[in-house]
Amino acid sequence: MHYQGIEIEDTFAEAFTMYGTRVIVTAATEKWAEIAAREAVGFATSIIECGIEAGIEKKLSSDQTLDGRPGVSLLFFTMKEKSLLKEMRKRIGQTIMTAATTACFNGLDSDKKIKVGGNIRYFGDGFQISKLYDDRRFWRIPIMGGEFLIEESFGIQKGIGGGNIIIAGSNSETALNAAEKAVAAMRKIEGVVMPFPGGIVSSGSKVTSKYSFLNAATNTKYCPTIKAQTESNLSEEVGSVLEIVIDGLSVEATAKAMKVGIKAAAVDGVIKITAGNYGGDLGSENFYLKEILRGDLDD
Amino acid sequence: MIKLKLKLKKENPALIKKGNKVIGKIPVEVENIRPDLIKDMSFSELEQLEIRAGKEVYKLKKFFEIEGKPAEEIEIEGDLSNFKYLGAKMNSGNIRVNGDVGMHLGSEMSGGQIEVEGSAGDWLGAEMTGGIITVSGDAGNYIGAAFRGDKLGMNRGFIYIGGNAGNFTANKMRRGEIVINGNCGDLLGAQMIAGSVYVFGKCGKRVGAGMKRGTIVVFNDLELLPTFSYNISYFPNFLNIAFRHLKNDYGIKIPDQALNSEYKRYTGDNTELGKGEILIWKKD
């Protein structure tokens, strides 16, 4: 298969059911909203070692937030529903509440909720104050900087983790150029985040290892520097491979992000675009590139 | 939408007359005029609805000209200032009154909405647990309060008074919101337990006396009890949400300057738990 002359491998991305939530962080200035947001989603690339996957969904202007201040929308995902509360409590408590002038609100309408603010309120040491507006409860927690405002409950829903595309370029520069273009296009899609640094994974992994103490190791089939030493999926021309992992609140949003990402990545110097899977036996959702690009392919 | 219209008859059993002159009115209890009770009645059942005036019991049709059908929307016209318990204990539907209403309007209601184009008497929304009451004019004492001997006043719901309010507004209030556009009498928020009260006019004496928790926001300076302590002047971010909620959900006009300007935060009553707060807007 080809798109704009670039080879698209007839394969699929294998994704998993995750549990996701959307958090809106606001602050007195755009600068502090962003600082808090970046801290909150830091070290949240892969569930394997970080316990949670997270990313910035989009910036919000002051007329788009509940308290009329500049904000940032964040998405968080975990494999288990239960661990979402534990991880969120830690992240919001340690990175958002500690950032100057911030407040934190639920951004996801859902019947299923976790009481994040309802847990963090105890930091107020008995001086916390509850306010209830339209069945939404907020907690005012006295802090050294003034007052931290957080919503009691955050909506959660089933989402999709591990949607992905893999871009094989002729060299590191062309692969990065294509991946950056893909990420820029994917960031315009609501309901998805790309949790890795800059949205791009430079060291994708496989779920096996030669070492018994290690669950995951470098994805040898896609490592260009060892393609003659081991079984490889790469052709001779490939000099660098980058992956973009997508976590989404829905199958539709994930598929849309993959589609715009592949289309944006189809630039000069890209040898092939493919996707990662484990044979289809492990994941809950398979995203076939042929289906995603239906109607857009050259052949 | 199907509506039930009730127009108070000029001649009705509650009038006390001397010759042709009306010299007084007997209190009338209309706790049966509730949308949730009426909506499923037949027209003849509605006509027979009992109303107590003094020691006598009358039928609805004796007091009102009835138009439309039994419905969740009730529109009432006339001076009902001697009518008590209108909408009391209602849990859904709407009552709209063109004229004044007496005591206990919407007391103990749990849902629905009451709108009054006029003024209302004492105990408005007392011990209500939900719903909305808006009054364009003034209202009496004990708005959203607890009845004598009871522990909790208003516990959820929303009350708006376009004019002035009497004494003991929000007495023992537990949850919900009360907005007074005009002035408020003495002992606003006395023994308040939680909830929010906003007064855009001036307040009387002893605001927050004995309050445990809760928030009273006032837009004019007031004489505070010595059992309240000054903490800080700042803009509490929660007011951004509170004001937007009042504006968007209830159409309350909030002065632009009230957003992002400072409020003096006093806490008390220190003779009680001391966790109540009075926020006083610093106008300049």
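Biologist: How many residues of chain A are in contact with chain B, and how many of chain B with chain A?

Modeller: 19 residues of chain A are in contact with 22 residues of chain B. Contact means heavy atoms within 4.5 Å. This is a predicted model, where local features need pLDDT of at least 70, side-chain atom pairs count only at pLDDT 80 or more, and totals for chains, interfaces and linings use all residues. Residues are numbered from 1 along each chain as its sequence is written, chains are lettered from A and ligands numbered from 1 in the order written, and side-chain values use heavy atoms, with hydrogens and water left out.

Biologist: What area is buried between chain A and chain B?

Modeller: About 1,500 Å², and carbon and sulfur atoms give 50% of that. Buried area is the accessible area (1.4 Å probe) that two parts lose on being put together, summed over both.

Biologist: Which residues in chain A lose the most area to chain B?

Modeller: A:K131, A:Y133 and A:R140. Together they make up 34% of what that side buries.

Biologist: How many salt bridges are there between chain A and chain B?

Modeller: Two. The rule wants a side-chain nitrogen of Lys or Arg within 4 Å of a carboxyl oxygen of Asp or Glu. B:R156 forms a salt bridge with A:D135, with the closest N and O atoms 3.8 Å apart.

Biologist: Which strand gives the most to the side of chain A that touches chain B?

Modeller: β8(A), with four residues. Strands are DSSP runs (E, at least two residues) and helices are runs of H or I (at least four), numbered from the N terminus.

Biologist: New topic. Is B:S261 buried or exposed?

Modeller: Buried, at a relative accessible area of 16%. Buried means under 20%, exposed over 50%, partly exposed in between (1.4 Å probe, protein chains only). B:S261 sits in the loop between α4 (238–250) and β18 (263–268) of chain B.

Biologist: What does the side chain of B:S261 reach at 2.6 Å?

Modeller: The backbone oxygen of B:Q257. The side chains of B:S261 and B:W281 are also joined by a polar contact of 2.6 Å. That term is a pair of N or O atoms within 3.5 Å; within protein, one must be able to donate a hydrogen and the other to accept it, and residues adjacent in sequence count only if both atoms are side-chain atoms.

Biologist: And how do β5 and β6 of chain B run?

Modeller: Antiparallel, with four bridges joining residues 50–53 to residues 56–59. Strands pair if DSSP finds at least two bridges between them. B:I51 stands opposite B:Y58. The two strands form a hairpin with two residues between them, and B:G54 in the turn has a positive phi of about 60°.
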